[in-house]
Amino acid sequence: MATQNVEDVEMIESRPRKRIRSSTKRKRATSPIHLPRVPILFAPFRALGLITNHIPFYIQTRSYKDATEGPRIHILTCLGRSWALWEGGKMGLLFVGPEVQDPISCLVMNGDAVWAASGVHVIKYLRGKEVSRVSNPLRTPLAFVILFGSQLLALTEDGGRMLIWEVSTNEPVLSATIQFDIGFTATSVLHPATYLNKVLVASNEGDMQLWNIRTQTCIHKFSNSQLRTLPSQQHMNSLSSPITALTQSPAIDVVGVGFMSGEISVYDVRADERLMRMYMDNGGIKALSFRSDGHPILASASSSGHIALWDLDSGGRLLHLIRGAHDGAVSALEWVPGQPVLISSGEDNSVKQWLYESPTAVPRLLKFRSGHHAPPHLIRFYGEDGKQLLSASADRTLRNISVVRDSRSYEMSQGSLARKATTLSKSLASLKFPPITSISCSSTRSKDWDDVLTAHADEMCVRSWTVLNKRIGKHTFNSAESSKRKSPSGVVKCVCVTACGNFGLAGSSTGEIHMWNMQSGLKRKSFKVGPCPQAVIDRLEPSSSTKQKASERGITGLASDALNRVVIATTSDGTANFFDFHTCTLDQVMVLPTSANSIMLQRDSGLLAVVCDDMVVRIIDIETRRVVRELACGVHGRILDIAFSSDSRWIVVTSLDSVIRTFDIPTGQLINAFRTPSVTTSIAFSPANDFLATTHVDSVGIFLWANRSQYSEVAFRAISEENIAEVALPSMQGSEEDEALEALEALGVEDTPADVFSTPSQLDGDLVTLTLLPRARWQTLLNLEVIQQRNKPKEPPKKPEHAPFFLPTLPGVEHRFAIEEKKQETQEKHTRRLDKLTANSRSTLQKLLVESDKNSGSDDTLFDYIKSLSPAAIDVELRSLVSFNSLQQFLRAIKRRLQSHLDFEAVQALQNVVLRIHADVIIENEELRAELEELLKVQKKECGRVLDLLASSLGTLGFVRDTQ
């Protein structure tokens, strides 16, 4: 029975609730879920394709005054560790809650507040932000939550207790704890309409109990034998079946009870009797819902994905059965209050709305949001804008995922499978194509004909698709029909669409390559790899299995260049074969050290990446047909997928050890590596170079990682395999949440590494360094007089021929104009005081010359100032050197700069101008002439060094050119 341990429970809590909430946030901020502080190249951005999971959704309707479109519908779904709020009218995303530490087990809403049960906590959110939380003092996980007036009721995961909190105040307080009897495992709670302070509790044993939560007493017990009866199986009546669904009907005292056995009971709680019984085949009952717009109809959903509609006026007669409404078990079912619309969600990651137009018509699908219900294993970007992704999954579907807006995503149609399934009485999933193993596309001719090719598991045909029409294409290319009848037909392993979009190629497991025209669907050419090279046979061990493997020579990778000149095919025995596109002849066979698993060609640069069995990615230049880089990807897991950046600078590799590595191709160094919580099965780099898309083995979503180098300066440096960061997967974020993009905080500029390389001002003291300024700067300085003379005006400006429109007049009787007489400009008289001040004033150049002469060796400040001036300003400064000391200091500075091997061309230009201006003064003065002679010696010496360096460089260059 009930135990009232309110005071004892309050003593268990050791800290105030506000302190619990703040400390929990601090733990989340420092937990491994968030990004580490180490600099990484890719930052988590957002997740795509996540709609719901197995947790039932919660529906809320809101009516507004003078609303013409009816009440607004809000649908709350669970995304695992977070939740999403959808608008039911257009199924648009409103809010996404922040991620929590434990998976969410139940969701409810109360006005604008969202309550989520996660682990031992029940967290309250307002507009996507956490405002408060309550915790189980017993530290056991909570499984079910319901709001009952101002109280919050929660069931523990073991089903032994029910906790009651008073949540009407700002700080929720635990008011009571109810402990159930042994043998009664509570699974769900329902408040019967008009029942004050009373709730129905369903159990895993098939029994129900009516409790008064105010007095914590059990009022009545409903046994399993009274609630259900198996059809025509009286000998199994003693077996109990868990209650899996419990819902309130529009009629008072009447509830609907669903069992795992498939039985449905409409039960009168007040009279304690069963009113009617229905039975649903093919799985247990997962959800029940009564229609509330005046039609007595009950909707039920099974674990096999079917939805049944029952007519309660006819004693529970089956009206309609929607087979395969979901591809998995249906998790929740709700009628929209006052509308003939039924909303369902399933474990297939979809939420659907069904319109029930009339009692005799079959409900039709009105609107839906869906994604993959099995983890995708192959993704590729479609087009050159990087806004669309083609995604293939084990659920036998091909989806087009929008990177910009998730609501634009859709599933590529495979034809009228629903009609075929109804005609053949088969499930819809069994009629879908086998899982896709290879995808290739080209959007060049997407408006004219099919532009996507796919290969499927264990099939000898290739299918075309059209993204423009969102469906399967016109052609199905059969490699078995294209090959000879006597030769064995193999399974298609890889496909390729040429860059022009006119041809499609397919390689089979028997070594055959066929090419078809994408417009007409006719076969055009065939390529043959030929017998196994002797080098490969010698490399393989002399065993029967390897000999058979060498004779098969299956095609593992296929690619064509941007100009349709070369077709490259790799085989399972470790060869790369280069074919002429037009003549189909085998030009060259390159033997690789190990078997080749897959390839990827960057058509813009002509680089071919080959994934080998020895966990090494070998990059081949298709022009020279040589291996230019070998990138080792650890020793703990084989390589699963690779992706080039659009500028061919990086190559991203994912492997079985859950690590995503980024290599810099020019240097061949590993510049970034991070480990994800689960294995990454496929990756794709955006053609716009802004996002990296990944899929993972345990998630149905597609995750985007932002390229930090597109938004900030990132210092690249080589790292080792030990410097691998642990990074959490991106979360799904709503577009209206300003603070939801917490993952983009890593896009800011982080602390600069201590060992960032910076170019010194002088590489070596024995080399000659120039100023790195434009050559025109010093050419203009040398020819400044010629330029000024050329730009001098030929004649002074002329007066206007006509008088102005308005002329001033003089006062008086006669009409006379006021003509202004020219004022003779008075020349300023030179005085001795002005001449004295002018002689004592010094220019900036003269001041810097004095300072550098005192320091005797530090001329950087002087020459930095000279390089910052324009040619005309430099000329003025040099002409101001009229005193003996200034000229002597300048000649010494020029000599010191020559000896330091810096600013060579600037020193030559300055020396030329100074000698041309002040040559007569320097020649007449003996001390200045001595300084000039010393400068001449240094000049000859440095010029000889420069000539020797140029001769050496030209000789080395000629030798290298002749040896190639």
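The crossing of helices α14 and α16 is left-handed. That is the place to start in this predicted model. Two packed helices are described by the angle between their axes and the distance between the axes. Here the angle is about 15°, and the axes lie 10 Å apart. Angles under 35 degrees count as roughly parallel, so α14 and α16 are roughly parallel to each other. Helix α14 covers residues 884-899, while α16 covers residues 926-963.

Now look at the side of each helix that faces the other. From α14 come Phe-884, Leu-887, Gln-888, Leu-891, Arg-892, Ile-894, Lys-895, Leu-898 and Gln-899. They meet Glu-927, Leu-928, Glu-931, Glu-934, Leu-935, Val-938, Gln-939 and Glu-942 of α16. By class, this contact has 8 nonpolar, 3 polar and 6 charged residues.

Next, the nonpolar cores. The largest has 37 residues. Those with the most contacts inside it are Phe-42, Ile-75, Ile-343, Leu-692 and Trp-705.

Go back to the largest core and take Leu-692. Neighbours within four places in sequence are left aside here. Leu-692 is then in contact with Phe-42, Val-652, Ile-660, Ile-683, Ala-684, Phe-685, Phe-703, Leu-704 and Trp-705. Phe-42 and Trp-705 are also among the residues with the most contacts inside that core.

Two strand residues complete the tour. Ser-302 sits in strand β23, which spans residues 297-302. Its relative accessibility is 0%, so Ser-302 counts as buried. Beyond residues up to four places away in sequence, Ser-302 touches Met-280, Asn-282, Gly-283, Gly-284, Lys-286, Ala-329 and Val-330. Met-260 is 42 residues from Ser-302 in sequence, yet their C-alpha atoms are 9.0 Å apart in space.

Phe-148 is found in strand β10, residues 142-148. Buried means under 20% relative accessible area. Phe-148 has 11%, and is therefore buried. With neighbours within four places in sequence left aside, Phe-148 is in contact with Leu-153, His-191, Tyr-195, Asn-197, Lys-198 and Ile-213. Asn-197 is 49 residues from Phe-148 along the chain. The C-alpha atoms of Phe-148 and Asn-197 are separated by 8.4 Å.

Notes. Residues numbered from 1 in each chain as written. Predicted model: local features only at pLDDT ≥ 70, side-chain atom pairs only at ≥ 80, totals over all residues. Heavy atoms only, no water. Axes fitted to C-alpha atoms, helices over the stretch in contact; angles between N-to-C directions. Helix = DSSP H or I, 4+ residues; strand = E, 2+ residues; numbered from the N terminus. Parallel < 35°, antiparallel > 145°, perpendicular 65-115°, else oblique. Left-handed = near helix turned anticlockwise from the far one by under 90°. Contact = heavy atoms within 4.5 Å. Nonpolar A, V, L, I, M, F, W, Y, C, P; charged D, E, K, R; others polar. Core = buried A, V, L, I, M, F, W, Y, C linked by side-chain atoms within 4.5 Å. Buried < 20%, exposed > 50% of the residue type's maximum accessible area, 1.4 Å probe, protein only.
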